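Colleague: I would like to learn how to read the features of a model such as this one. Please take them in turn.

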Amino acid sequence: MTATDGDRPRSEALCQILRRSRTFRELAPMEAGIGWPLPVPVLQDGAPRVYVRLPLFVMRPDPAGGADLFPPFATVALDWSTGRLAEYTDLRFKEPERSRREWERPVGRFPHPAVEGLSTAAYLAERARLFGLYDELFDGLAHGRPPARAWAGPFGELLRRLLEPSLAPYYRRLAPRFLGRHLPEER
């Protein structure tokens, strides 16, 4: 799995390549959506390395328009440097204390209020911009440097606008420090 998919941001291309992969087709339901990336920076043999954790959730289209969103049922981790699959975690298996019914009920809708007024082209442009900022983050972390201060404001604003509010609690559970820093809870 390589991330050379045209001129789109690398993180966006990784999502598209994952979606077309045999692994994804075998493990995820047809209506599965791929959520926003979550960084997993680690030190391996003294060198920084970055993995991209992607939440997978069911996104069931509504004939009247939009789609119902369900809680993430799994995560996939990809190696940022190679694009290769590093881990697949089925949350229904990993967290057996959670009720099975949790995954059977929708928790929200898409489009959500912050984006429902956008044209498709405007939404896709905002989405590509956020993926471009993710690329800056992952590239910096892969070289052992956090992103510049000027990066955080635009990233947080776009993430707040584009992340489905109904899925935010699940993202906070998967990456509490990252979301706490870039998408603090409103009080």
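Modeller: Let us begin with P111, which lies in the loop between β6 (108-110) and α4; helices (H or I, at least four residues) and strands (E, at least two) are DSSP runs, numbered from the N terminus. This is a predicted model, in which local features need pLDDT of at least 70 and side-chain atom pairs count only at pLDDT 80 or more, while totals for chains, interfaces and linings use all residues. Residues are numbered from 1 along each chain as its sequence is written, and side-chain values use heavy atoms, with hydrogens and water left out.

Colleague: Is the peptide bond from F110 to P111 cis or trans?

Modeller: Most residues other than glycine have a negative phi, and most peptide bonds are trans. The bond from F110 to P111 is cis, its omega being near 0°. As for phi, D45 is not a glycine, yet has a positive value of about 55°. D45 is found in the loop between β2 (38-44) and β3, and is exposed, with a relative accessible area of 85% (buried means under 20%, exposed over 50%, partly exposed in between, with a 1.4 Å probe and protein chains only).

Colleague: Which residues of α1 and α4 meet?

Modeller: From α1, R10, S11, E12, C15 and Q16 meet R127, A128, F131, Y134, D135 and F138 of α4, where contact means heavy atoms within 4.5 Å. Leaving aside neighbours within four places in sequence, the partners of Y134 include S11, W36 and F178.

Colleague: Where does D79 lie, and is D79 buried or exposed?

Modeller: D79 lies in strand β4 and is buried, with a relative accessible area of 6%. Residues up to four places away in sequence not counted, D79 touches R49, V50, Y51 and R84.
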